[in-house]
Amino acid sequence: MIPAPRCYFLLLLGVALALLLAIFINQQVGILGTLFYDGIVLSLTFADAQRVKSHRVEVFRLPLERLSIGRDNPVRFFVKAGNKKAKIRIRDYYPIAFKVSSPSLQATLARNSTEELTYQVYPDSRGEFEWGDIQVRQLGQWGLAWHDWKIPTSQKVSVYPDLAGLRSLSIRLTLQSTGTMRQLRRLGMGTEFAELREYGQGDDLRAIDWKATARHGRPLVRVLEPDREQTLIILLDRGRLMTAQVQGLKRFDWGLNATLSLALAGLHRGDRVGVGVFDRATTTWIPPERGQQQLFHLIERLTPIQPVLLEPDYMGAVTKVVNEQTRRALVVLITDIVDATASAELLAAMKRLTPRYLPFCVTLRDPQVDAIAHTPSDNIKTAYARAVALDLLEQCQVAFAQLKQKGVLVLDAPANKISEQLVDRYLQLKARNLL
């Protein structure tokens with residue numbers, strides 16, 4: 001039993017009553033009158049709380065699915081009232097490390113009604129977490145006390161990479177797929193002959209089949225089917241720089257989200273996709289395969305991996321690819337660089353991939369560094385920070401220029417936007433048939 005504000009108000013009213021009795025009669029009558037009054041109030045309060053037991057609300061929390069890191073994940077309750085009106089408060093014992101939209105829920109339900117209550121949790125780290133029970137309070141009909149009880153629903157909950165983002169991307173790719181393939185065929189890009197059709201405005205003149213044109217007396221274009229069965233290898237750095245926090249998540253988590261998004265896009269386009277995770281050594285190697293099952297396999301294998309405070313061995317990671325993948329492939333390396341030494345090692349490693357493979361270097365930029373670099377200030381401290389940020393960006397640009405000179409594709413994007421930009425770049429590469 002937990003007294004409600006109305007109970008405290010009545011008890012305070014008893015104090016005023018005692019003062020009046022003491023003034024107009026005597027002090028002893030005031031004390032006895034107050035004790036009798038308070039006893040009645042407390043008895044009614046206790047009875048009010050006990051009466052709730054006969055018409056408790058039913059509270060049911062929907063099963064918690066896999067949660068996505070860096071996303072608002074809804075937690076839903078269904079509350080059913082009995083034959084009396086119910087005012088309730090619900091406290092869910094979510095993991096203390098999670099950010100939540102509301103620490104408690106409250107509602108007033110009409111008799112024999114059902115209501116859905118929802119709040120959002122925002123996990124910022126992956127792994128398994130203990131989710132506790134549900135604490136429920138229901139106000140008595142007289143408004144004097146809350147009846148409090150606990151519903152045992154504790155369970156283990158897993159936080160995965162951005163599965164919500166993968167679902168959205170899957171829908172987007174599905175909607176784009178038909179139109180994209182038609183566009184590619186219209187442009188005549190690909191390697192395998194599909195059909196002949198009449199020349200239309202905007203078609204490439206090089207696609208005209210002159211023999212067929214002569215036979216039929218009108219210009220005909222050769223339509224080529226894009227090559228869908230290619231190989232995509234993603235190398236994900238989990239070294240020291242990937243442990244830094246960027247926009248609320250570790251840089252590695254942004255990289256992992258981008259890895260899975262790119263893998264989904266590759267599998268959706270029919271490519272064989274493999275992933276390697278490395279620091280001083282290649283700690284995880286998942287050979288290239290195609291099909292939806294490969295995506296599930298990647299999620300299960302990559303989810304438990306955490307970044308470590310070790311310097312990455314780019315050459316070792318590239319050597320692993322060269323030894324395992326003998327055929328030409330698009331090799332995407334996701335990392336971050338901040339100095340000339342790291343960029344020199346990265347450049348040497350990526351050079352080894354050319355011209356046999358198509359190397360693609362992706363770096364995860366911190367938007368805060370951009371903001372500092374492009375915000376003028378008269379303050380000495382902030383001016384110094386801006387100078388450091390500008391120097392950092394300049395070093396990165398030099399490194400990117402060197403990579404491009406060696407035939408390496410480069411994408412430098414804010415960490416929180418890397419997934420979308422990387423997938424778009426990959427689809428452009430596929431459309432241009434560069435692999």
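Colleague: Why does Glu311 count as partly exposed?

Modeller: This is a predicted model, and in it Glu311 has 39% relative accessibility. Partly exposed runs between the buried limit of under 20% and the exposed limit of over 50%, so Glu311 counts as partly exposed.

Colleague: What makes Glu311 and Arg240 a salt bridge?

Modeller: Their closest N and O atoms are 2.4 Å apart, and the cut-off is within 4 Å. The pair links distant parts of the chain, 71 residues apart.

Colleague: How do you know that Thr363 is buried?

Modeller: Its relative accessible area is 1%. Buried means under 20%, so Thr363 is buried. Thr363 lies in strand E21, and its side chain makes a polar contact with the side chain of Asp412 at 2.8 Å.

Colleague: Why is Ile23 called exposed?

Modeller: Exposed means over 50%, and Ile23 has a relative accessible area of 64%, so Ile23 is exposed.

Colleague: How do you know that the buried residues of H6 line one face of the helix?

Modeller: Those residues are Gln294, Leu295, Leu298, Ile299 and Leu302. Seen down the axis of H6, they fall within an arc of 140°, so they line one face.

Terms used. Residues are numbered from 1 along each chain as its sequence is written. This is a predicted model: local features need pLDDT of at least 70, side-chain atom pairs count only at pLDDT 80 or more; totals for chains, interfaces and linings use all residues. Side-chain values use heavy atoms; hydrogens and water are left out. Helices (H or I, at least four residues) and strands (E, at least two) are DSSP runs, numbered from the N terminus. Buried means under 20% relative accessible area, exposed over 50%, partly exposed in between (1.4 Å probe, protein chains only). A polar contact is a pair of N or O atoms within 3.5 Å; within protein, one must be able to donate a hydrogen and the other to accept it, and residues adjacent in sequence count only if both atoms are side-chain atoms. The arc is that of the directions from the helix axis to the C-beta atoms. A salt bridge is a side-chain nitrogen of Lys or Arg within 4 Å of a carboxyl oxygen of Asp or Glu.
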